[in-house]
Amino acid sequence: MNQLFRPAANTIARLSLLASLLAGVVILALLLVNDQSPYTRASVGIAIEQPVRFSHKLHSDQLNIECLYCHATAEQSSYGGIPDTHTCMSCHSQIATYSTLLEPVRTSYATGERLVWEKVHDLAEHVYFNHSIHVQAGFACETCHGRVDQMVVAWQAQNMTMDWCLECHWEPEEYIRPVEEVYTFGYEAPEDQVELGMQLVAFHEIDVDRLDSCSICHR
Amino acid sequence: MMQEIRQQTDANAVHRDLTRLPLDTPAQQAEFDAALQANLPREAAVRRQYGMDRRTFLKLMGASLAVAGFGASCTARPPEEKIIPYVQVPEVMVPGRPLFFASTMVLGGVATGVVIETHQGRPTRLDGNAEHPASLGGSSPYLQGAILELYNPERSTTVRRNGAPASWDDFRAELAGLSSANNANIRILTETVTSPTLAAQLVALVEMFPNARLVQYDPVGRDNVRAGGSWLLIRKSTPITVLTKPKSSFPWMRISSLVCRVACATRGTLWPATPCAKMQTRPA
């Protein structure tokens, strides 16, 4: 009977052992890169096209409309809130009534069909986030959502990974603002941010030791 | 017997030898094919039919599994999701926060006051209504389970005619057609009805059609309880367990329950249960 393996097989076997070890390392590295990459994690910095060409820059920056006018539930609910068609039409029944950009909104208003927006901030399903508690304690829209007032088409500003959340949950005094500055864009932190932050954290009775307990976010 | 074992061993030996044949050159493969045909004709037929033997198949399967696993891990990008807001948010609703509705749940003809938690119009939980005497805020397995009934695909959401969806107009037309023929044999099947409004409506309907009959049926009814109550008190009656303040009024009193579970005796209701829960209970 023929020999099944030639002498070269020894070398090949050793090489393939080494190669498989290397492949394991490469695969692990790729998975890590994949996990952290803005492309796979979330579309950070990628403007997402919407069915209606709504400009935050126009409405928020130029017209100075309060965030809460449209995102009405941010102070009361876990859900920040996307405006219903009637909210759009409360102004646009009077302003820019014939604008072609508003055609989908008018159609929705006339037919009762809901508008379908693309979700820009898609938090993982296993994370519980409550807008009202953050907003009411003095954490600004800008801190997580970036300069929305400068965005013509909205995009996600932060990667929303767990370590990003924890940056603030470990040191809320670095990011907290007086409540009246929550809706301010382009806010410049005062020189004594940490000192002031400590006071605000104490004022809002934020228990920093409990902020990184698992069940705060993963319930 | 020995014959069979020998054959089996021979077959195993053949298989072992065949698996050791090299397959590196076309000539070796042809040799293998011939050996296979000679010894294991059935496997040779499979190899001819699919152009692939077990070895190649396993090799390809392994490779494709590895590729699929790697591919899947690299396209872990979350699926794009939509946000679909209301056209007009209902006035009292704050999206993201629950809304509670007071209602009643009827079980075996007994109504219990409940509070229903809803999220964006979808009920998620039933609990007793603290302000309703029949539940006093307590809950029961029937109450907890009732939420599933609301999503039961068997639950009819519309009028049906011979199983097909119809409308109330169809129903009225059908009824109007019947009233001309005076002797319509209508049978109305219901659960136990204790609602005075519904009872009055049913009576009015039965009066319209002399031959109509009303049939009440519960899968697990309280007919025996009712019969017992009627036997005990002569007139038709249903016993109701009331256990409020037994201790303070009758400090010597002990309650012993045989067969009947006092706390759930009136199945739909919870009024015996809440004081019961406050009492010291000793399992039977």
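Student: How does B:F171 count by relative accessibility: buried, exposed or partly exposed?
Tutor: B:F171 counts as partly exposed, with 38% relative accessibility. Keep in mind that this is a predicted model.

Student: And what does B:W168 count as?
Tutor: B:W168 counts as exposed, because its relative accessibility is 53% and the exposed class starts over 50%.

Student: How many aromatic pairs does the count give over all chains?
Tutor: The count is one aromatic pair over all chains. B:W168 and B:F171 form that pair.

Student: What kind of pair do B:W168 and B:F171 form?
Tutor: Edge-to-face. The ring centres are 5.5 Å apart, and the planes make an angle of 85°.

Student: How many residues apart are B:W168 and B:F171 in helix 6 of chain B?
Tutor: Three. Helix 6 covers residues 168–180 of chain B, and the two residues are separated by about one helical turn. An α-helix has 3.6 residues a turn, so residues three or four places apart point the same way.

Student: Switching to the ring of B:Y86. What sits over it?
Tutor: The charged end of A:R114. It lies 4.6 Å from the centre of the B:Y86 ring.

Student: Now helix 5 of chain B. Which of its residues are buried?
Tutor: B:L143, B:A146 and B:I147 are the buried ones in this helix, residues 141–150. Seen down the helix axis, these buried residues fall within an arc of 105°, so they line one face.

Student: Which residues are exposed on the other side of helix 5 of chain B?
Tutor: B:P141, B:L148 and B:E149.

Student: What covers the buried residues of helix 5 of chain B?
Tutor: The cover includes strand 2 (99–107), strand 3 (110–119) and strand 4 (122–128) of chain B.

Student: Next, strand 7 of chain B. Which residues are on its covered face?
Tutor: B:I188 and B:T190. The uncovered face has B:R187 and B:L189. In a regular strand, side chains alternate between the two faces of the sheet.

Student: How many bridges join strand 7 of chain B to strand 8, and do they run parallel or antiparallel?
Tutor: Four bridges, and the strands run parallel. B:L189 stands opposite B:V215 in strand 8 of chain B. The chain gets from strand 7 to strand 8 of chain B through helix 7 (residues 196–208), in a right-handed β-α-β crossover.

Student: Last one. How many helices and strands has chain A?
Tutor: Chain A has eleven helices and one strand. Along the sequence the pattern is α-α-α-α-α-α-β-α-α-α-α-α. Of the 219 residues in chain A, 32% are buried.

Conventions: Residues are numbered from 1 along each chain as its sequence is written. Chains are lettered from A and ligands numbered from 1 in the order in which they are written. This is a predicted model: local features need pLDDT of at least 70, side-chain atom pairs count only at pLDDT 80 or more; totals for chains, interfaces and linings use all residues. Side-chain values use heavy atoms; hydrogens and water are left out. Rings of Phe, Tyr and Trp (its six-membered ring) pair if their centres lie within 6.5 Å; planes under 30 degrees apart count as stacked, over 60 as edge-to-face and the rest as tilted. Buried means under 20% relative accessible area, exposed over 50%, partly exposed in between (1.4 Å probe, protein chains only). A charge sits over a ring if NZ of Lys or CZ of Arg is within 6 Å of the ring centre and within 35 degrees of the ring normal. Two strands pair if DSSP finds at least two bridges between them. A crossover is right-handed if, with the strands pointing away from the viewer, the path from the first strand over the helix to the second runs clockwise. The arc is that of the directions from the helix axis to the C-beta atoms. Contact means heavy atoms within 4.5 Å.
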